[in-house]
Amino acid sequence: MKNKDFLLSIVFNVFLAYLWIFLIYLIFDFVQLKENALLLGLALASIGTLLFAEVIRRVNPFVTYKITHPVKITGFISFGLIASANLYWISFC
């Protein structure tokens, strides 16, 4: 376990968090003018999130680590912080 692994995990997951936020933003922008926008938006966002999670799982260089490995936990925390901060920023500003 090196500092390089921690930094790579943080940078990689921050980038993925921004991509996920962009995906969700595009989905909700797309369905905004449709009938049943909330239902369609939630369905597309759920499907998009599941597909995005599968792509992340296959692309992630730390796939061999256990879920409790400190590098993976650091990545999860960085993803969660960036995603929640951006969702907060988009919804209230």
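A search of the whole structure, which is a predicted model, finds 2 salt bridges. E54, R57 and R58 are linked in a network of salt bridges. The structure also holds 1 cavity of 30 Å³ or more.

**The salt bridge between E54 and R57**

- The side chain of E54 meets that of R57 in a salt bridge, with an N to O distance of 2.7 Å.
- E54 and R57 both belong to helix α2, which covers residues 37-59. Because they are 3 residues apart in this helix, about one helical turn separates them.
- E54 has a relative accessibility of 30% and therefore counts as partly exposed.
- R57 likewise counts as partly exposed, at 46% relative accessibility.

**The salt bridge between E54 and R58**

- E54 also meets R58 through their side chains, in a salt bridge of 2.8 Å from N to O.
- E54 and R58 are 4 residues apart in helix α2, so they too are separated by about one helical turn.
- R58 is exposed, because its relative accessible area is 63%, and the cut-off for that class is over 50%.

**The salt-bridge network**

- E54 takes part in the salt bridge with R57 and in the salt bridge with R58, and the three residues are linked in a network.

**The cavity: volume and lining**

- The largest cavity contains about 30 Å³ of space.
- Its lining is formed by S9, N13, N60, F62, V71, K72 and F76.
- Two elements, α1 (3-30) and α3 (70-92), each give two or more residues to the lining of the largest cavity.
- Helix α3 gives the most to this lining, with 3 residues.

- By residue class, the lining of the largest cavity divides into 3 nonpolar, 3 polar and 1 charged.
- The nonpolar class includes Val and Phe, and the lining of the largest cavity has F62, V71 and F76 among its residues.
- Lys counts as charged, and K72 is one of the residues that line the largest cavity.

Key
Residues are numbered from 1 along each chain as its sequence is written. This is a predicted model: local features need pLDDT of at least 70, side-chain atom pairs count only at pLDDT 80 or more; totals for chains, interfaces and linings use all residues. Side-chain values use heavy atoms; hydrogens and water are left out. A salt bridge is a side-chain nitrogen of Lys or Arg within 4 Å of a carboxyl oxygen of Asp or Glu. Buried means under 20% relative accessible area, exposed over 50%, partly exposed in between (1.4 Å probe, protein chains only). On a 1 Å grid over the protein atoms alone, a cavity is a set of points where a 1.4 Å probe fits but cannot get out, and a pocket is an open set with protein on both sides within 12 Å along at least five of seven lines; lining residues have an atom within 4 Å of a point. Grid points are joined across faces, edges and corners, and a volume is the space filled by probe spheres set on the points.
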